[in-house]
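Subject: The structure, and what turned up in it

Hello,

Here is the structure I promised to pass on to you.

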Amino acid sequence: MRRLLTFVSAALVTGTLFAGGLVTNTNQSATWVRMPSRNASINGDAIYYNPAGIMMMDNGFHFSLNNQTVFQNREVETTYPYLNSGTFKGKIFAPVFPSIYATYKLDRIAFSVGFLPIGGGGGAEYDKGLPSFEMSQSDLVPSLAASEYAVNDYRMDVSFKGSSVFLGFQGAVSYKVNDWLSVAAGARYVTAKNTYEGYLRDVQVNTADGWEDASAVISEIAGKAQAGGTSLNQLITNNLGGFTADQLLQADVIDEVTRNTIVGGLTSLGISNAAALTIAQSQTAFYGAARIYGNKATLLGDQEADAEQSGSGVAPFFSVNIAPSENFNIAVKYEMATKLELTNKTTKDLTTGYLGEDPTKPITRFPNGAKIRNDMPAMLAVGAEFRLPLFSVNAGVNYYFDKSADYGHYIDLTPENSTDYLVHIDNEDIIANNGLSISAGAEINVTERLAASVGYSFANQGVNNLYQSDLTYGLSTHTVGAGGAFAFSDNVKLNLGVSYSMYPEDNVKVNHYLGTVNVMPTETYRKESIIIGVGLDLNF
């Protein structure tokens with residue numbers, strides 16, 4: 001039952017990102033949507049992309065109001081043969097994804113503030129669950145097929161939904177050193193909130209007598225195991241606990257029916273060396289199986305999750321803008337890591353196992369008050385833009401220091417009956433390569449007031465197979481954006497854009513223990529995103 005509704009603390013964070021690094025959103029304006037390459041921006045969204053570049057704007061007040069509507073489809077396909085379906089689909093929808101910026105610029109200095117969803121920003125829903133929600137339940141079919149119950153099918157009601165919002169509130173001061181060099185420094189305060197809701201109900205198995213409650217069937221097996229252990233009390237009392245059942249049969253102490261009941265009972269419980277066990281060892285095995293099956297019966301009962309994780313952190317950032325000429329500039333920005341420690345606030349929790357299979361020590365997914373790390377990595381961004389009266393081109397590179405962050409990632413590589421449990425994995429062990437994205441874009445002035453643009457961005461996968469799971473997976477990304485801008489006047493400009501992100505699929509073998517055998521089915525991860533952006537730039 002280890003994989004029973006195995007929620008991962010960082011799932012929603014990495015699961016709802018739309019563009020940028022593994023846990024960092026860089027789609028922070030409608031202009032980005034229509035031209036996803038903004039590192040050298042000298043317009044309203046420069047407050048995020050190029051704070052030092054603000055000094056190339058005109059004196060006065062500048063506002064940029066943006067919203068994006070984001071659609072993402074996710075699909076997980078598994079080769080595990082006992083699941084009722086091998087394909088699981090989820091949807092992420094973020095109708096409101098706002099980025100708001102304001103600047104006041106003077107000749108040599110400027111002050112700016114911004115509000116943006118720097119991570120997360122949406123809600124995910126899986127109506128049919130995911131493979132990790134259902135594998136343990138599907139295992140009831142092969143494990144009980146040859147038993148007296150002749151189980152041949154299972155069914156259940158499972159659902160999971162969650163949301164993640166990492167809001168950034170930033171402020172910066174920009175300074176013009178000379179005609180070709182500007183610098184800026186600031187900080188971003190990040191508030192993080194993840195919510196999880198899910199349930200597993202009505203787990204049933206189809207037995208020789210029809211559909212039955214799975215918890216009741218497993219409880220019945222636990223009761224028989226307990227009775228099997230109790231039946232050996234008299235033999236142990238008579239100081240015969242050190243002999244095997246076969247030895248006692250040969251000595252005419254027990255008959256063949258009793259011998260077969262002992263050995264056959266243990267074998268039916270999955271004890272492979274039953275005939276070699278002494279009576280005392282057999283009793284221990286019976287009682288151990290009773291405890292394990294009793295715990296499984298509890299886990300197969302109806303369960304719900306209702307949990308919230310929240311925390312905050314601060315990240316300083318620094319920016320340099322170099323403008324060798326009035327129509328060309330180079331931008332460099334460095335953001336320090338944001339250390340985030342989230343605290344669980346749980347009203348309903350999921351029991352996912354028992355420590356050492358001890359029913360008095362349940363393991364829950366979201367222990368109330370527990371703290372987990374969920375950092376955002378440091379980032380280095382470099383960009384350049386070249387402008388002509390009717391045409392401009394730009395390019396950029398982002399580098400994310402994922403390995404030195406802590407994403408609070410956990411993994412379980414142990415058989416179900418092990419006393420070990422989920423183990424924290426350092427980012428060094430789950431990140432193959434630090435995150436890297438490259439981008440380029442172009443804009444042409446169709447008329448004096450109308451401009452059209454297009455752009456492309458690529459981001460590497462970065463992670464290795466230890467990171468990947470059906471809830472939390474990272475894929476490389478190809479994003480194409482297009483759209484336009486219309487200037488109603490010198491002070492008001494409307495930006496409209498649409499972008500599409502395609503993620504090449506990844507195939508990963510995952511650990512899943514059927515009994516004590518790691519069967520390692522293959523899971524295939526896919527997703528795609530569409531963003532619609534609208535923004536208004538105001539200059540006074």
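Tyr410 sits in strand S15; helices (H or I, at least four residues) and strands (E, at least two) are DSSP runs, numbered from the N terminus. With a relative accessibility of 31%, Tyr410 counts as partly exposed. On this scale, buried means under 20% relative accessible area, exposed means over 50%, and partly exposed is in between (1.4 Å probe, protein chains only). Tyr410 and Asp426 are 16 residues apart along the chain, and 8.8 Å separates their C-alpha atoms.

Before you go further, please note that this is a predicted model, in which local features need pLDDT of at least 70, side-chain atom pairs count only at pLDDT 80 or more, and totals for chains, interfaces and linings use all residues. Residues are numbered from 1 along each chain as its sequence is written, and side-chain values use heavy atoms, with hydrogens and water left out.

The overall picture

The protein has 540 residues, and 53% of them are buried. Its secondary structure comprises 11 helices and 23 strands. Taken along the principal axes, the C-alpha atoms fill a box of roughly 105 × 35 × 35 Å.

Most residues other than glycine have a negative phi. Ala150 has a positive phi as well, near 45 degrees. Ala150 is placed in the loop between helix H5 (140-144) and strand S4 (153-176), and is partly exposed at 31%.

Salt bridges

How many salt bridges does a search of the whole structure find? There are 16, a salt bridge being a side-chain nitrogen of Lys or Arg within 4 Å of a carboxyl oxygen of Asp or Glu.

One of them joins the side chains of Glu75 and Arg526 at 2.6 Å, N to O. This pair links distant parts of the chain, 451 residues apart: Glu75 is in strand S1 (residues 60-78) and Arg526 in strand S23 (residues 522-539). Arg526 is partly exposed, at 24%.

Arg526 also meets Glu505 in a salt bridge, at 2.7 Å, N to O. Glu505 lies in strand S20 (residues 492-509) and Arg526 in strand S23, so this pair ties together parts that are 21 residues apart in sequence. Glu505 is partly exposed, at 43%. Glu75, Glu505 and Arg526 belong to a network of salt bridges together with Glu77 and Lys89.

Another salt bridge is formed by Arg259 and Asp246, at 2.6 Å, N to O. Here Arg259 is in helix H9 (residues 256-268) and Asp246 in helix H8 (residues 245-250), 13 residues apart. Is Arg259 buried or partly exposed? Arg259 counts as buried, at 18%, whereas Asp246 is partly exposed, at 25%.

Aromatic pairs

The whole structure holds 12 aromatic pairs. Rings of Phe, Tyr and Trp (its six-membered ring) pair if their centres lie within 6.5 Å; planes under 30 degrees apart count as stacked, over 60 as edge-to-face and the rest as tilted. Tyr334 and Phe401 form an edge-to-face pair, 6.2 Å centre to centre with 80 degrees between the planes. Phe61, Phe63 and Tyr104 form one aromatic cluster.

Best wishes
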